[in-house]
Amino acid sequence: MANNRKLVLAMDQGTTSSRSILFDETGTAVSKSQKEFRQIFPKSGWVEHDPREILETQIGTAVEALESAGFSASDVSAIGITNQRETTLIWDRNTGEPVSNAIVWQDRRTADVCARVRKSHGETIRKKTGLEVDPYFSASKISWLIENVPGVRERAKAGELAFGTVDTWLIWNLTGGEKHVTDVSNASRTMLFNINKLEWDDELLGIFGVPRQILPSVVPSSHLVGEVSEPEALRGIPVAGIAGDQQAALFGQRCFAEGDAKSTYGTGCFLLQNTGTEPASSKHRLLTTVAWQIGDRCEYALEGSVFIGGAVIQWLRDSLGIIGSAAEVEPLARKAGSSDGVFFVPAFAGLGTPYWDPTARGLITGLTRGTGRGQIGYAALEAIAFQTAELLEAMQKDSHREIPELRVDGGASKNDLLMQIQADLLQIPVVRSTVTETTSLGAAYLAGLATAVWDSTDKIAEGELSGERFEPSISGDEAAERIEEWKRAVRLSLGWAV
Ligand code: ADP
């Protein structure tokens, strides 16, 4: 179909699914495709993905998004890539063959290594990277692959292997092995990148035993990287935007001004606040991270990270089987009307902000004979909201600034009951974006800014994004009391350390 519209294709490689969305120059989604892929749990606390499945589902959805709407590669101005962050891959530079499955951000296999590194280098690492030493980030996962997969150490030293986060893996394959790059936002999640100097750091590489020759080069988030060579259906489209999923969502929510904040409810929950061109350090165990770089201008964010958000609903579906689909949790919980004293701490992958304890484990407390599926479902939704409330508390203490309202997005933000519980606990309005796919939109904006689809962020900021508002409906005292009860349950979960 011939047309003169300026289209941008966003590839959003998430933790549970690969998505591709084609946006027009008004930021409206023209077509969409999504495919789930396998979550592999080889041992307790281990989470892996098959790199080939990541690639095939991602490319499959991109081609489908184009073809289902009758477009071809020549109709698309640019591709923007956004991805699950920290997930770690190593592959052979000649054959493209991965040395193992990808180790997913949720994987806890390196908890022991991290405990040791934290003791001796925790402060240095925090200063240089803005991060807490935790298995969450890529560095200890790379170390693990080097130490445990036969031949990797030697081949890495010999320059035969390439490391990448998921953005790097996708771009390497899309460009036929020509571009081995990542952007500053993804690099800032590896724990090997100095966020003050914006470069890989030899001291950090030494601490984790990572040879420099496996690392990708680091580029701005909005930047002409190269053209797609494979597959043919996408050939010639420039890759022009890269950002980790949470940073892309911050951009997609148009949090361009210092102080702007958003919360995303996906597999995990992530609250990010734009802090401008200087990295702000946290006193309440938030992370300091690169938001994006456009041209020479790098902006930073404070971040609170919750590992298990919407994933707790998947667990109700897949492990307990008490719901048939994620959406069913809402009517189920509404019918119950409350959690009736039940607290559910889903510390399946340890706890992130503000506890940073990879050994914490999940628990459900307050069970009675009256407890049923509904109360458990309700408590699971509350768990998502309680965890986010703790993030906001830390952020407000750090920035000494009231956040007047919270902009939200992500798969689980579709749940009205969850959003109402969230507004009640936070005591501020929760405003859901009209575009639920803000992560993809952010990646599209970054790519479109590098290819003249949009000429400035001011242009992007035109037009309304705010959708439904949820206002607090309980008293501040009641909210504070609920949060205190939640924290008691969390303390039990921390005491459950393995
Ligand atoms: P990701 O990008 O991390 O893969 P998404 O933004 O696609 O995540 O959100 C998917 C998550 O949202 C899943 O964990 C799912 O359980 C949860 N989810 C989806 N719909 C609902 C709903 N109606 N209520 C609660 N959680 C939901």
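Are W105 and F270 buried or exposed? Please start from there and go on to the ring pairs and the charged pairs.

A: The model is a predicted one. In it, W105 is buried, and F270 is buried as well. Across the whole structure, a search gives 21 aromatic pairs. In the pair formed by W105 and F270, the ring centres are 6.0 Å apart and the planes meet at 65°, so the arrangement is edge-to-face. The pair links distant parts of the chain, 165 residues apart: W105 sits in the loop between β7 and α2 (111-129), while F270 belongs to strand β16 (residues 269-276).

The rings of F193 and W200 are also edge-to-face, because their planes are at 75°, with the centres 5.4 Å apart. Both of these residues, F193 and W200, are buried.

W105 and F270 are also members of a cluster: ring pairs connect them with Y136, F137, F307 and W356. Two arginines lie over ring faces in this cluster. R85 is placed over the face of F270, 5.2 Å from the ring centre, and R108 is over the face of F307, at 4.7 Å from the ring centre.

The search of the whole structure finds 35 salt bridges. One of them joins the side chains of R52 and E97, at 3.9 Å from N to O. R52 is in helix α1 (residues 51-68) and E97 is in the loop between β6 (89-92) and β7 (102-103), so this contact ties together parts that are 45 residues apart in sequence. R52 is partly exposed, at 28% relative accessible area, and E97 is partly exposed too, at 45%.

A salt bridge also forms between the side chains of R155 and D92, with an N to O distance of 3.0 Å. Here R155 lies in helix α4 (residues 152-157) and D92 in strand β6, and the two are 63 residues apart. R155 counts as partly exposed, because its relative accessibility is 26%, whereas D92 is buried, at 11%. The cut-off for buried is under 20% relative accessible area.

Finally, D318 makes a salt bridge with R317, and the closest N and O atoms are 2.6 Å apart. R317 is partly exposed, with 25% relative accessibility.

Key:
Residues numbered from 1 in each chain as written. Predicted model: local features only at pLDDT ≥ 70, side-chain atom pairs only at ≥ 80, totals over all residues. Heavy atoms only, no water. Salt bridge = Lys/Arg side-chain N within 4 Å of Asp/Glu carboxyl O. Helix = DSSP H or I, 4+ residues; strand = E, 2+ residues; numbered from the N terminus. Buried < 20%, exposed > 50% of the residue type's maximum accessible area, 1.4 Å probe, protein only. Phe/Tyr/Trp six-rings, centres within 6.5 Å; stacked < 30°, edge-to-face > 60°. Lys NZ or Arg CZ within 6 Å of the ring centre and 35° of its normal.
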